[in-house]
Amino acid sequence: MSRGHFITFEGGEGAGKTTQVQLLKNFLENKGVSVVLTREPGGSPAAERLREALLGMPEHLGSWTADTECLIHFAARCQHIADVIEPALSKGHWVICDRFTDSTIAYQGYASGVDQSRIRSLQHWALKDFEPDLTIILDLPVEAGLSRAASRGSASDIYERRTKEFHNSVREGFLDIAAKNPTRCYLVNADREASVVAASIRQAIDKRFG
Ligand code: T5A
C-alpha cells in the first residue's frame with residue numbers, strides 16, 4: 001500500500017482554515033480518497049490535553065513565556081504525529097491538518113520573538129525530517145480575519161486577545177515562510193468568497209498530486 005499525503009493549512013486568525021479544510025476533505029472523498037482530518041494544537045487525546053493547557057490558561061495564572069509555549073507546541077506535535085498522523089499516512093490515508101509547525105514559527109518566532117534557529121533545532125529534535133508534502137497558506141488582512149473570527153463568536157482565546165501588531169507580525173511571518181519554501185508552500189489570497197478560495201486550493205492539489 002502506498003503512503004498517504006500530508007497536507008497542512010496555515011494562516012492567521014479567521015483566515016478560513018477550518019472552512020477550507022472541510023471543503024477539501026469533501027472534494028477528496030468524492031474522488032475516492034480516504035482522508036483523516038486533524039488539527040493543532042491537539043489532534044489526539046493526549047495532545048488535546050496540552051491544547052487545553054495552551055489555550056485555556058485562566059488569566060489569574062498569568063501566561064506562558066514564548067519559550068515555554070514553543071516547547072509545549074512541539075511536545076503536543078510529537079504526540080500527535082505518533083498517535084494520529086504517522087499511523088494514518090502509513091495506512092495510505094491522506095492527512096489534512098489545521099495548523100502545524102509553521103504556526104509555531106509564525107506565532108512563537110516572528111510574533112513572540114523566539115529565535116528562529118532555536119525553533120529549527122527543536123523542530124529537528126522533535127520531528128527529524130518529517131514535514132508536510134504541501135502547505136496551503138491562507139493570507140488576508142488582519143482586520144478582515146479578526147472580524148471574521150469575532151463574527152463567529154469565539155474570538156476569546158489568549159491568541160485572539162493579542163494586539164494588532166502581534167497579528168501583523170504573524171501575517172508577515174507566514175508570507176516569509178511561503179517565500180522561503182516555494183516548493184512546499186502554496187500561498188492563497190483568502191480575502192475572497194470561500195468557494196473561490198476552495199477552487200484555488202483544488203488547483204494546487206491537482207498540480208502537486210496529479
Ligand atoms: N498556535 C497554534 C500557536 O501559537 N502556535 C502553534 O504552533 C499552533 C499550532 C489556535 C491558536 O493557537 C495558535 C494559533 C491560534 O491562535 P484555534 O482555536 O485553532 O487557535 O483557531 P484558529 O486556528 O485561529 O482558527 P479560527 O477558527 O480562528 O480561524 P479559521 O479556522 O482560519 O477560520 P474559519 O474557517 O473558522 O472561519 C472563521 C469565520 O469566517 C467565516 C466562517 O464561516 C467563520 O464564521 N469564513 C468566511 N467568511 C467570508 N469569506 C470567506 N472566504 C470565509 N471563510 C470562512
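Which element gives the largest share of the lining of the second largest cavity?

Modeller: That share comes from α1, with 4 residues. Bear in mind that this is a predicted model. Rolling a probe the size of a water molecule over the atoms shows where empty space is left. The count here comes to 2 cavities of 30 Å³ or more.

Stay with the second largest cavity for now. About 40 Å³ of space lies in it. Its lining is made up of Gln20, Leu23, Leu24, Phe27, Ala198, Ile201 and Arg202. Two elements, α1 (17-30) and α8 (194-209), each give two or more residues to this lining. By class, the lining has 5 nonpolar residues, 1 polar and 1 charged. Gln counts as polar and Arg as charged, and Gln20 and Arg202 are both in the lining.

Now turn to the largest cavity. The space there is about 130 Å³. It is lined by 15 residues, and the closest to its centre are Gly12, Glu13, Leu140, Val142 and Arg171. The lining divides into 8 nonpolar, 4 polar and 3 charged residues.

To return to your question: in the second largest cavity, α1 gives the largest share of the lining.

Methods. Residues numbered from 1 in each chain as written. Predicted model: local features only at pLDDT ≥ 70, side-chain atom pairs only at ≥ 80, totals over all residues. Heavy atoms only, no water. 1 Å grid on protein atoms, 1.4 Å probe; cavity = no way out; pocket = protein on both sides within 12 Å on 5 of 7 lines; lining within 4 Å. Points joined across faces, edges and corners; volume = space filled by probe spheres on them.
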